[in-house]
Amino acid sequence: MFDIAIIGAGIIGTMISRELSKYKLDIILLEKDNDVANGATKANSAIIHAGYDALPNTIKAKTNAEGNAMFDQLCVDLSVPFSRIGSLVVAKCEEEKKVLTELYERGKKNGVPNLKILEKEEVLQMEPSLTNKVAGALFAPSAGIIGPWELAIALAENAIENGVELKLNYEVKNITKEKDYYKIYCDEDYLEAKYVINCAGIYADKINNMINSPYFEIMPDTGEYQLYDKSVGKLFNSIIFQCPTDKGKGVLALSTVHGNFMIGPTSERVKSKENKGTTRRGKDFLKENIRDLCEEFPYSKIITAFTGLRAKVISEDFIIEETGNSSGFINVAGIDSPGLSASPAIAKMVVNILNNIASLEKKEKFNEKRKAITQFITLSDDEKSELIKKDKRYGKIICRCENITEGEIVDSIKRSVGATTVDGVKRRARPGSGRCQGGFCSPRVMEILTRELNVGMYEILKSNKGSYNLIKRKVENENWSGENV
Amino acid sequence: MYNYDIVVVGGGPAGLAAAIEARKNGVRNILVVERDRELGGILNQCIHNGFGLHIFKEELTGPEYAERFIDEFHRLEIEYKLDTMVLNITEDKTMKLVSSEYGLMHVKAKAIILAMGCRERTRGAINIPGTRPAGIFSAGTAQRFVNMEGYMPGKKVVILGSGDIGLIMARTMVWEGAKVSAVVELMPYSGGLTRNIVQCLEDFDIPLLLNHTIINIKGDERLEGVTVAEVDSSKKAIKSTEKFFECDTLLLSVGLIPENELSINAGIELDRKTGGAVVNESMETSVAGIFACGNVLHVHDLVDWVTEESRKTGKSAAKYVYEQPSEGGRTIETIAEEGISYIVPHEIRTKKVEDKIDIYLRVDNIYEDVILLIKTDSKIIKRIKKKHLAPGEMESVSISIEDIISGGAKLTVEIEKGGQ
């Protein structure tokens, strides 16, 4: 019997797990996929928003600015890439400048620090590549960029370090309420926990409805993004938002923590929760919008495009509450933007809710630190030499575009939340994230995975179940034999 | 710090030929750096024949062609390091190398020959809409899996792009037991060699869909199919022509890009059209003493031309190491005009050319019965009748230095249409 079962190992589930691992609790974190951070966490804007966007007195407003302030310490402790580069909401006419004033006022109410409205000249001084059609901007120095899946993986690793158990490939199919605990089923298998925290992202409604009457519905909304080569990574210094207008929220552009340029998202309501395709429409939309920010943008430097799903609910606010009719079942649902920014504050809220039902006791020993994978290429010459002397695998470059060594790839596989797939390795150590997109290194990465996990090449998946990379040959005559049978 | 006369970056066909030629021209202290686990480069995975018709007057497979150079390379006892990556090159020709065996090495060279080859354009670079399932490979990656490692990427295949690797892989996949439904090509013509269209597609009844493209990719985990549509003259898909092809594998052969990241860091000027360095008649880049040859300079159609160009480069680098720089003479700029997409080299220093100079070029479209016109300023120095010119096939033209010296400051090449 666990004290707590957390359903969903995205940014919210991992953040809550790590926060609760500070207390004397037996916790299990359940994930339907074969890796953590596999839903919205791997496809979003990768921004820690300042917090002027949410309407005052909403949970979003309350948790965004509060969460934002918690990232410095969190990312130092967990060795996660994070940088407060600030954001600019860019207005292009007097009408839009009025929106800036509104956002400024709202931001102040929400507790966003150091907001400032800038005139045209100041904006262009900060961002020389920006279109000179800019009329002014709202500057929010507290906004930052982050590696979202790196954060979730780091949180999961640190939670495990502090005693949390992680169960992958555990898709919750049913939940029943027993006398004073819950039974959580995955097909025939089940486990028991006194409290359940539902962080199932776009499936949070489905999980809720297993035990409660339906009272919210997740209506997924897709956002398409485009990622460009590092040679255009320095186009803008801060995060650039278009000014929201009646026509839409506008797009954003930024340099990622890894130095690539990114633009997005589109916004489109979709029926299927599995719809993760990009579209021609989205492509044209983004092209048009980036031209609005920078007239001579080098589109040919695109590396890839991807789509994320936002877990929207009708109320447009986060749902963070113990459900009324079943004590001990907590929904953390409808976490769309600014969910990532708010996540540390959300975790605090959940701890408070739990503390009210079952008084929690802090552990004497909590290790808040987690070490990142050593990035060979970022080391000094002496450090590089030392590292290779200690472990020869750091002398072998596997990913030529990003200069990633075998040592880093092996480390990404051998960790407590280790990679088991090609995409899993890519998210942790970054081989295949560069301009060749794994053309050269993916066969090598697969080889290393087979060796380290002691499995065959055919078992190495790209990402989820069913995403096999190679097929077994059929034997057409009986004399044919070989290891591929 | 290790010192070498010449360091060659890359042990593929270009690097091998350049190193061999430099040695034959008297340079003793040469190092070839190869990032893969063996010499020979991409030829190792090109197990089909058709290599060497010009250089050896016989048809060899890729590994056979490489072997001839590797054998000679070993006979000449040229030093090389495998599994070694060049991390950085500076303008003063110091380099940082890394390998498991030797750790981090600092190397100083009198001359450097860049021979890193090229990489394939990706699905992301052409931004095909749709999902991102497993089963999408660049043709070269699939070729490595099948030919070198014995694995099969899939059984029902569509190929996008009719470059040579795409065409070769269409045949390979059929031989390996897969079904290839179509080769889809955006342009009204194939980017590959005519002989490959005949031998790899026509002989196997694989349809080549010209003026077509893929407009959507379907499949959540593994590829389930692609939507193909015909395009109009502005390359926009025509809605009524959309057709779904069920397949578990999509191979991309949509262009090759010279791998010039090291060159950019070294401050070498690149040509936007070729994606390679701007070079003079000696294949020397804008940084004195750094040379480039093979597919890192411009993408070649035949390895024979890579060899020819790289030999010339090896010889030039040897001269650079041993000879005093000679002053004087004029510098002539080469200019691609009507119908020509690029010319290599970009400039010719007359003093450096002995008797004749070979220039390499590609045309921008299919041309039948035209004349290739070579002029210096307005004076015509050569008229070459061509029955057939295609962007997929590189042309080379030999020009006598006498003709260049007597002309102006510019050497232009153009296509004269209908000129019989």
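A residue counts as buried if 20 or more other C-beta atoms lie within 10 Å of its own. By that criterion, 50% of the 420 residues of chain B are buried. The structure described here is a predicted model.

**Confidence in chain A**

- Chain A has a mean pLDDT of 94, and 97% of its residues reach 70 or more.
- In residues 480-485 of chain A, however, the pLDDT is below 50. Beyond near neighbours in sequence, this stretch has 4 contacts in the model.

**Overall form of chain B**

- Chain B contains 9 helices and 27 strands.
- The radius of gyration of chain B is 22 Å, close to the 22 Å that the globule rule gives for 420 residues, so chain B is as compact as a globular protein of that length.
- Along the principal axes, the C-alpha atoms of chain B fill a box of roughly 65 × 60 × 40 Å.
- Among the contacts in chain B with a separation of 6 or more, 65% join residues 24 or more positions apart.

**Domains of chain A**

- The domain assignment divides chain A into domain 1 (2-41 + 148-217 + 315-357), domain 2 (87-141 + 219-310) and domain 3 (376-459).
- A distance of 33 Å separates the C-alpha centres of domain 2 and domain 3 of chain A.

**Nonpolar cores**

- The largest nonpolar core comprises 120 residues, and those with the most contacts inside it are Val90(A), Ile197(A) and Ile240(A).
- Because domain 1 and domain 2 of chain A both give residues to this core, the core lies between them.
- Leaving aside residues up to four places away in sequence, Ile197(A) touches Ile4(A), Ile6(A), Ile7(A), Ile16(A), Ile330(A), Val332(A) and Val350(A).
- Another core, of 105 residues, lies apart from the largest one; its members include Phe440(A), Ala14(B), Phe69(B) and Leu389(B).

**A sheet in chain A**

- Three strands of chain A form an open sheet in the order E3-E8-E4, with antiparallel pairing.
- Strand E3 (47-48) and strand E4 (82-83) of chain A stand at the edges with a single partner strand each, so one side of each is left without a neighbour in the sheet.
- Strand E8 (residues 144-146) of chain A pairs with E4(A) in the antiparallel sense over 2 bridges.
- Ser83(A) has Ile145(A), in E8(A), as its bridge partner.

Definitions and conventions:
Residues numbered from 1 in each chain as written. Chains lettered and ligands numbered in written order. Predicted model: local features only at pLDDT ≥ 70, side-chain atom pairs only at ≥ 80, totals over all residues. Domains from an automatic or database assignment. Core = buried A, V, L, I, M, F, W, Y, C linked by C-beta atoms within 7 Å. Buried ≥ 20, exposed ≤ 12 C-beta atoms within 10 Å, placed from the backbone. Contact = placed C-beta atoms within 7 Å. Pairing = 2+ DSSP bridges. Helix = DSSP H or I, 4+ residues; strand = E, 2+ residues; numbered from the N terminus. pLDDT = per-residue confidence, 0-100. Rg over C-alpha atoms; globule rule 2.2 N^0.38 Å.
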